[in-house]
Amino acid sequence: MPEASYPLEPTAEQVREMLKAATDAIVEFLDSLPDAPASDLEGAEELARRLREAAPAQGAPFADLLPVIRQAAAKALDTAGPGYMAYIPAGGLFAAALADLLANSLNRYVGMWHPAPAMAQLEWNVIRWLADLFGCPLEARGVLTSGGSMANLSALLAARKARLPQDFLSGTLYVTNHTHTSVAKVAMLAGFPAPNVRVVSTTPALRMDVDALRDSIAADRAAGLRPFCVVATAGTTDTGAVDPLEDVGRVAREEDLWLHVDAAYGGFFQLTERGRAKFRGIDAADSITLDPHKGMFLPYGTGCLLARDGVALRQAHSVEEAGYLQDLATEGESQNFSDYSPELSRDFRGLRVWLPVKLHGLDAFRVALDEKLDLTRLLYEALRELRALELPWEPELSIVAFRARGGDAASRQLLEGINASRRVFLSSTVIEGRFFLRAAILSHRTHRDRVEEAVEIIRRAAERLPATT
Ligand SMILES: *Cc1c(COP(=O)(O)O)cnc(C)c1O
């Protein structure tokens with residue numbers, strides 16, 4: 001048995017013992033995923049309350065702590081499992097977890113270039129790979145963020161710096177009702193009054209209406225405001241709709257607006273032929289938000305911002321070096337991630353993307369994403385056969401939105417019936433004032449068998465709804 005308290009530097013034997021126990025737990029967890037309940041929140045609040053405690057003065061054996069972690073993880077939505085089709089799934093590749101263990105054990109400093117140039121290079125490779133995927137020029141730069149929200153923040157800061165004067169309060173930006181709420185949030189954080197975020201109407205396919213965008217820009221200019229940025233979405237979170245990127249890009253060019261494309265959910269479908277066709281025009285974007293923790297199946301906590309003009313991104317995020325950082329300064333062009341983001345110290349996110357790409361190869365991601373598009377098609381076609389359901393939009397990427405013909409109450413009941421199966425877990429949204437269920441297929445662990453099972457579960461839940469005329 002291990003000592004009750006470990007020294008801050010455990011012995012080699014203790015390290016091996018803890019890693020062995022953790023390895024066993026991880027293998028068991030991964031093995032259990034196909035049969036684990038898709039959600040298990042019964043008693044979760046109670047468990048959370050029971051876990052509240054003061055910090056212990058003395059340590060405890062790892063063998064006693066590991067079950068606490070496992071139990072806490074079990075009372076939750078199974079966001080790692082194949083039945084998770086709610087919100088935007090992020091399965092969590094094992095290779096990324098392995099990379100984190102290595103990165104945190106080696107603990108190199110990558111916020112700046114000089115302390116570990118070769119490690120920083122691995123992360124710059126990741127940025128370059130993603131920039132290449134979207135046809136960004138060599139002067140493009142980017143950063144890995146904690147997620148899409150932080151990427152959207154840095155994009156807006158870059159757009160503001162590049163297109164507006166110091167006094168920027170007359171600057172207006174353009175979104176739609178289906179733009180992710182993080183954009184309104186980062187606009188607020190960046191200091192813009194809420195009315196400066198203009199909501200452009202959408203077409204029946206829920207895509208940005210480009211004529212309405214033009215009209216809105218013209219009206220704002222006539223009123224003495226300064227339109228400076230348009231945010232297009234490559235895969236909305238609600239339904240996966242893709243804004244007409246070429247047309248929006250044309251307006252942005254003509255009106256000298258910064259074009260930001262929020263591809264947090266949809267971006268990695270660019271690896272597939274079908275995705276690439278939908279995203280035509282994305283290469284004209286001034287900046288692109290991606291969430292590797294969505295479309296690359298990584299664990300939560302990895303987003304990315306790409307900026308076509310690296311200098312614009314840097315100018316929005318760098319100030320003169322502090323004296324105590326002078327030894328770390330770079331001449332000329334900066335390779336410091338800290339010059340492209342609000343962060344100075346941070347974790348080595350690059351390895352979490354680098355290792356999976358090197359281990360599996362990009363083709364593995366391409367094949368998996370193609371499979372998601374096929375599965376979505378399969379689900380959509382099968383649900384269309386069910387007379388009790390209404391599916392107003394053909395899926396563009398990997399989200400199917402549907403509702404009961406019986407209305408909002410019936411749709412809520414339908415969602416409850418589906419989730420009670422504990423084999424799949426779906427979430428809901430409100431579109432144009434009406435309640436919709438959404439099935440988002442994006443986990444690398446979701447395959448045909450689970451989607452066919454989902455169809456059966458939805459069919460049975462729909463049959464239990466009160467009959468409608
Ligand atoms: C998920 C999502 C975001 C927010 O990203 P986080 O990683 O949750 O911060 C932004 N935009 C879109 C389109 C998204 O799907």
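I worked on a predicted model, where local features need pLDDT of at least 70 and side-chain atom pairs count only at pLDDT 80 or more, while totals for chains, interfaces and linings use all residues. Residues are numbered from 1 along each chain as its sequence is written, and side-chain values use heavy atoms, with hydrogens and water left out.

**Sheet.** I looked up the strand order and found an open sheet of seven strands, S1-S7-S6-S5-S4-S2-S3, with mixed pairing; strands are DSSP runs (E, at least two residues; helices are H or I, at least four), numbered from the N terminus, and two strands pair if DSSP finds at least two bridges between them. Strand S1 (141-145) and strand S3 (197-200) are at the edges with a single partner strand each, so one side of each has no neighbour in the sheet. S1 runs antiparallel to strand S7 (residues 303-307), joined by five bridges, and I noted Thr-145 opposite Gly-303 in S7.

**Ligand.** I listed 13 residues around the ligand, the closest being Gly-148, Ser-149, Asp-262, Asp-291 and Lys-294; a residue counts if one of its heavy atoms lies within 4 Å. For polar contacts (pairs of N or O atoms within 3.5 Å), I found a ligand oxygen atom 2.7 Å from a polar backbone atom of Gly-148, and an oxygen atom of the ligand 2.7 Å from an N or O atom in the Asp-291 side chain. A polar side-chain atom of Lys-294 lies 2.9 Å from a ligand oxygen atom. Taken alone the ligand exposes 380 Å², of which the protein buries 85%, with areas from the Shrake-Rupley method and a 1.4 Å probe.

Methods
Polar contact = N/O pair within 3.5 Å; in protein donor to acceptor, adjacent residues only side chain to side chain.
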